Amino acid sequence: MTVGDKVRTMNDDELADWLCNQFWDDYKTDDVINIIRYNQIRNFLKMECKDESKVS
């Protein structure tokens, strides 16, 4: 299984948690920082994509 295959099987919450574990070695050691990190990643995943055809 490739990373791409794994990512395509996850929902946004699972992906956010998985990405946090990939980005930060100390993820899961500080609850306050973890909540901030997780929410930032999850909010990014939930953002609407910009319509790139309208970018000049």
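Student: How far is the sulfur of cysteine 49 from the closest cysteine sulfur?

Tutor: A disulfide is a pair of cysteine sulfur atoms within 2.5 Å. In this structure the sulfur of cysteine 49 has its closest cysteine sulfur 19 Å away, in cysteine 20, which is too far for a bond. The structure holds 0 disulfides.

Student: What kind of model is this, and what is counted?

Tutor: This is a predicted model, where local features need pLDDT of at least 70 and side-chain atom pairs count only at pLDDT 80 or more, while totals for chains, interfaces and linings use all residues. Residues are numbered from 1 along each chain as its sequence is written, and side-chain values use heavy atoms, leaving out hydrogens and water.

Student: Is cysteine 20 buried or exposed? And cysteine 49, buried or exposed?

Tutor: Relative accessible area decides: buried is under 20%, exposed is over 50%, and partly exposed is in between (1.4 Å probe, protein chains only). Cysteine 20 has 0% relative accessibility, so it counts as buried. Cysteine 49 has 77%, so it counts as exposed. Over the protein chain, 18% of the 56 residues count as buried.

Student: Which secondary structure elements does the protein chain have?

Tutor: Helices (H or I, at least four residues) and strands (E, at least two) are DSSP runs, numbered from the N terminus. The protein chain has 3 helices and 0 strands. From the N terminus on, the order is α-α-α.

Student: What does the radius of gyration say about the protein chain?

Tutor: It is taken over C-alpha atoms, and the globule rule is 2.2 Å times the number of residues to the power 0.38. For 56 residues, a compact globule would come out near 10 Å, but the protein chain has 14 Å. Along the principal axes, its C-alpha atoms fill a box of roughly 45 × 30 × 15 Å.

Student: How does the length of H2 agree with its number of residues?

Tutor: The expected span of a helix is 1.5 Å times one less than its number of residues. Helix H2 covers residues 12–23, and its 12 residues should span 16 Å; the end C-alpha atoms are 16 Å apart, which agrees. H3 passes too: its 16 residues reach 22 Å from first C-alpha to last, close to the 22 Å expected.

Student: Which residues of H2 are buried, and what do they pack against?

Tutor: Leu15, Ala16, Trp18, Leu19 and Cys20 are the buried residues of H2. Contact here means heavy atoms within 4.5 Å. The partners are helix H1 (3–8) and helix H3 (31–46).

Student: Where do the buried residues of H3 sit around its axis?

Tutor: Asn34, Arg37 and Ile41 are the buried residues of H3. They cover an arc of only 70° around the axis, so they lie on the same side of H3. That arc is taken from the directions from the helix axis to the C-beta atoms. The face turned away from the buried side carries the exposed residues Asp31, Val32, Ile35 and Gln40. H2 is included in what covers the buried residues of H3.

Student: What does asparagine 34 touch?

Tutor: Leave out residues up to four places away in sequence, and asparagine 34 touches Asp26, Tyr27, Lys28 and Thr29. At 8% relative accessibility, asparagine 34 counts as buried. Lysine 28 lies in the loop between H2 and H3. Lysine 28 is exposed, with a relative accessible area of 53%. Its phi is positive, about 85°, although lysine 28 is not a glycine.

Student: What caps the N-terminal end of H2?

Tutor: First, the criterion: a polar contact is a pair of N or O atoms within 3.5 Å; within protein, one must be able to donate a hydrogen and the other to accept it, and residues adjacent in sequence count only if both atoms are side-chain atoms. The cap of H2 is asparagine 11, with a side-chain oxygen 3.0 Å from the backbone nitrogen of aspartate 13. At the start of H3, a side-chain oxygen of aspartate 30 comes within 3.2 Å of the backbone nitrogen of valine 32.

Student: Which residues does aspartate 13 touch?

Tutor: Tyr38 and Arg42, not counting residues up to four places away in sequence. The side chains of aspartate 13 and arginine 42 make a polar contact at 2.3 Å. Aspartate 13 is found in helix H2 and is partly exposed, at 35% relative accessible area. Aspartate 13 and isoleucine 41 are 28 residues apart in sequence, yet 9.3 Å apart in space, C-alpha to C-alpha.

Student: How much of the contact count in the protein chain comes from residues 24 or more positions apart?

Tutor: Such pairs account for 24% of the contacts with a separation of 6 or more.
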